[in-house]
Amino acid sequence: MSVIPAIDAATPRLRAVFEDLHAHPELGFEEHRTAGIVAEALRAAGVDEVHEGVGGTGIVGIIRGKGQGNRRIGLRADMDALPITEESGLPYASTNPGVMHACGHDGHTTMLLGAAEYLAATRDFDGTAVMIFQPAEEGLGGARRMISEGLFERFPVDEVYGMHNAPTGKANRVGICRGAAMAGASFFDITVRGQGSHAAMPQQSRDALMIASALVGQLQTIVSRNVAPLRACVLSVTQIHAGSAYNVVPETAHLAGTIRYFDPEVIELAETRMREICAGFGAAYGVQIEVDLRNVFDVLMNDDDASSAYLDAAADIVGTDFIDDGEEPATGSEDFADMLQIVPGAYVRLGHSQTTGLHNPAFVLDPAILPVGASIYARLIEKRLPLKEAS
C-alpha cells in the first residue's frame, strides 16, 4: 500500500468531513448544505475556479497544473443520499430522519475533495483537472441535468473517471469490468383503472387489485419467454398500491418497478411486450391500463484504454496484487453512464472491509478507504497528464 503521503497526513481531516456529511445526508437536488461544504473546501484549497449551481446543486472545480498542456481530465463524485432510515448504530449516524447515506456517496465526495486539495497544492501535472461533484445520482437524473445544462460545453474534458465503494470485505481491492460494466435501466408505472364496488358484491366490480395481481405474474414471462436465455435482462415489480378499506373493492391499482438490460434490442423488446400485455389485459377485463415507461440510466461502458490507465494508476497505490481486471458486469445501474456516453472514460469499484450491502439501513462505509480513493484519483491525474521533463 502506497497512499500518497500528503493525503495520508490529511486523513483525520478527511474523516471529519466524511462523518459530518454522513450525519447530515441530503436527497437528490436538495444537497444544498453538502454543496456548500464542497465549494468552501475547494476555495480553501486554492482551486482555481469553483462553479456552483451546475445542474441544480452540482459543483465543478477547475485545477490547472504546472505545465501548459491543453488536455483536460474529469473526475466525478456523487453527493446525494437515499430515503432510508439509518440503523447502523454509528456515533455519526444520520440526524436527518428518514434520510441516510446508504450508498457511500458521502465517502465518494470526501475522496474527491481529498484529491482536489492535494492536486491544488502540488500541481504536478500538465493540463487541467476538472472535479465534478454531481447531485441526484439515485435515479433522479443528476448527470443528465448537468449535461443538459452544458457541463461538457462549459467544462470540456478529454476523459472522465468515476469510482464507487464496494462493501465486499476485500479492503483496497480495485476492480473493473471492461466494456458494458453496469446495466441500463428503465422505470415503469402501470395504473389499472377498473370499477369499484362493495366487497360483498364483487360481481358489480371490475377488480383493479385482482387484475394488477395477475398482471405481476404475466410481466415475469417477458424475461422467461421472450428474451433469449443468453441475453441478460431483469424485470422487477417493486411496488403495488391499491385499496383503502376492508369492505371496498378498489377502483384503481398501481404497479411500479424497473427493467435492467445491456442490449438496446433487449430493452426495446421488453418495453414492447409490456405494453402489449397491458393492452391485452385491458381488453380482456374491460378496464383501462396506462403504462408509463422511461429510461433513467444508460448502459455504463468502460473504455478499454481508459480502463487500463485507471488500473495502472490504482496499482501505484494499492499494488498489483489488489487489482482485478476481470470483474463481472453488474445489473445495478449508475448515471455516470450518461457522462461516458459523451466522453470516454472508466469507472472502478474500490473494496472495503464492510460486507453489509449498499442501500441497506445498516450499511457502513469503512473510512479507511478515504485516503486510498483520494490517492488513486490524484495519481490518475498525474499519470494521465504527466509533466514533461525539462530539456
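Predicted model: local features only at pLDDT ≥ 70, side-chain atom pairs only at ≥ 80, totals over all residues.
**Close-up 1. Asp-207 caps the N-terminal end of α7.** A side-chain oxygen of Asp-207 sits 3.0 Å from the backbone nitrogen of Leu-209. Residues are numbered from 1 along each chain as its sequence is written, and side-chain values use heavy atoms, with hydrogens and water left out.

Close-up 2. Helices here are DSSP runs of H or I with at least four residues, strands are E runs of at least two, and both are numbered from the N terminus. Ala-208, Ile-211, Ala-212, Leu-215 and Leu-219 are buried in α7. Buried means under 20% relative accessible area, exposed over 50%, and partly exposed in between (1.4 Å probe, protein chains only). The packing partners of these buried residues include β8 (184–193), β10 (233–242) and β12 (252–261).

**Close-up 3. Strand β12, flanked by pairing with β8 and β10.** Eight of the 10 residues of β12 are buried, so the strand is largely enclosed by the rest of the structure. β8 and β12 run antiparallel and are joined by 10 bridges, with Asp-189 partnered by Ala-256 of β12. β10 also runs antiparallel to β12, through nine bridges, and here Ile-240 stands opposite Leu-255. Strands count as paired if DSSP finds at least two bridges between them.

**Close-up 4. Ile-376 in the largest nonpolar core.** This core has 67 residues, and Met-131 and Ile-376 make the most contacts inside it. Helix α10 (residues 304–318) gives the most to this core, with nine residues. A nonpolar core is a set of buried Ala, Val, Leu, Ile, Met, Phe, Trp, Tyr and Cys residues joined through side-chain atoms within 4.5 Å. Setting aside neighbours within four places in sequence, Ile-376 is in contact (heavy atoms within 4.5 Å) with residues including Met-163, Val-174, Tyr-310 and Leu-350. Apart from this core lies another, of 27 residues, among them Leu-255, Ile-259, Tyr-261 and Phe-281.

**Close-up 5. Glu-382 of helix α12 (residues 370–384).** Glu-382 is buried, with a relative accessible area of 15%. Its side chain meets that of Tyr-118 in a polar contact of 2.8 Å. Not counting residues up to four places away in sequence, Glu-382 also touches Leu-119, Thr-122, Asp-124 and Phe-125.

**Close-up 6. His-32 in helix α3 (residues 32–44).** His-32 is exposed, at 56% relative accessible area. Leaving aside neighbours within four places in sequence, His-32 is in contact with Glu-26 and Thr-57. Pro-135 is 103 residues away along the chain, yet the two C-alpha atoms are separated by 9.7 Å.

How values were computed: Polar contact = N/O pair within 3.5 Å; in protein donor to acceptor, adjacent residues only side chain to side chain.
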